[in-house]
Amino acid sequence: MNKIEHIGIAVKSLKDASTVYERLLGLSSYKKEEVISEMVITEFFQIGESKIELLEASSSDSSINKFIEKRGEGIHHIAFAVDDIVKEMARLKSEGFLLLSDSPKNGADNKLVCFVHPKSSNGVLIELCQEIK
Ligand code: ZN
């Protein structure tokens with residue numbers, strides 16, 4: 001794994017939260033994007049090399065909705081950039097980690113993504129992401 005690519009934060013209202021983060025960071029988001037397959041709307045902020053992803057549920061069935069019901073708003077996942085997501089998924093599987101999908105999916109911000117179940121990683125949902133070239 002190369003670096004932390006972004007930190008995902010589950011929010012009730014993207015509109016309210018993006019105003020807060022604009023004021024906090026002193027800059028505007030660079031992208032807002034719906035990920036239909038994950039039932040989320042995302043908004044990204046770039047701070048130097050780092051990114052913050054705000055996530056709002058686009059449906060009551062969204063995992064973001066379930067997360068907020070259970071734990072409230074807050075840090076939802078940590079995403080690591082990888083060069084070869086398929087290879088990294090195989091490595092983690094062989095290390096006994098529980099992956100949430102068998103193959104990479106199309107995620108937000110032009111990435112192939114895969115998630116690692118928080119049960120495997122001390123309560124933290126981990127995302128692997130590889131830039132689509
Ligand atoms: Zn993410």
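In this model, the side chain of K111 makes a polar contact with the side chain of E5, at 3.5 Å; a polar contact here is a pair of N or O atoms within 3.5 Å, where within protein one must be able to donate a hydrogen and the other to accept it, and residues adjacent in sequence count only if both atoms are side-chain atoms. The model is predicted, so local features need pLDDT of at least 70 and side-chain atom pairs count only at pLDDT 80 or more, while totals for chains, interfaces and linings use all residues. Residues are numbered from 1 along each chain as its sequence is written, and side-chain values use heavy atoms, with hydrogens and water left out.

K111 itself sits in strand β7; strands (E, at least two residues) and helices (H or I, at least four) are DSSP runs, numbered from the N terminus. K111 counts as buried because its relative accessibility is 3%; buried means under 20% relative accessible area, exposed over 50%, and partly exposed in between, using a 1.4 Å probe and protein chains only. Setting aside residues up to four places away in sequence, K111 touches E5, K51, K105, N106, C129, Q130, E131 and I132, contact meaning heavy atoms within 4.5 Å.

Stepping back to the sheet, there are 8 strands in an open arrangement with mixed pairing, in the order β2-β3-β4-β1-β5-β8-β7-β6. Two strands pair if DSSP finds at least two bridges between them. At the edges stand β2 (31–35) and β6 (105–107), each with a single partner strand, so one side of each is left without a neighbour in the sheet. On average, neighbouring strands of this sheet are turned by 35 degrees against each other, direction ignored; axes are lines fitted to C-alpha atoms, for helices over the stretch in contact, and angles run from 0 to 180 degrees between N-to-C directions.

Now for the pairings. Strand β3 (residues 40–47) runs antiparallel to β4, joined by 8 bridges. Across this pair, Q46 faces K51 in β4, and T42 is set opposite L55. The two strands form a hairpin with 2 residues between them, and G48 in the turn has a positive phi of about 60 degrees. On to β1, which pairs with β4 in the parallel sense over 4 bridges; here I9 has L54 as its bridge partner in β4. β4 is mostly covered, with 6 of its 8 residues buried.

β1 also pairs with β5, this time antiparallel and over 7 bridges, with I7 opposite I78 in β5. Next, β5 and β8 run parallel and are joined by 5 bridges, and A81 has C129 as its bridge partner in β8. β7 and β8, in turn, run antiparallel with 6 bridges between them; F115 stands across from E127 in β8. Of the 7 residues in β8, 6 are buried, which leaves the strand mostly covered.

Helix α1 (residues 14–25) lies across β1, β2, β3 and β4, running at about 5 degrees to β3. Helix α3 (residues 85–94) lies across β7 (111–116) and β8 (125–131), at about 150 degrees to β8.

F80 belongs to strand β5 (residues 74–81). Apart from neighbours within four places in sequence, F80 is in contact with M1, K3, I4, E5, I126, E127, L128 and C129. F80 and K66 are 14 residues apart along the chain, and their C-alpha atoms are separated by 23 Å.

H6 lies in strand β1 (residues 3–10) and E53 in strand β4 (residues 50–57), so the pair ties together parts that are 47 residues apart in sequence. Both H6 and E53 are buried.
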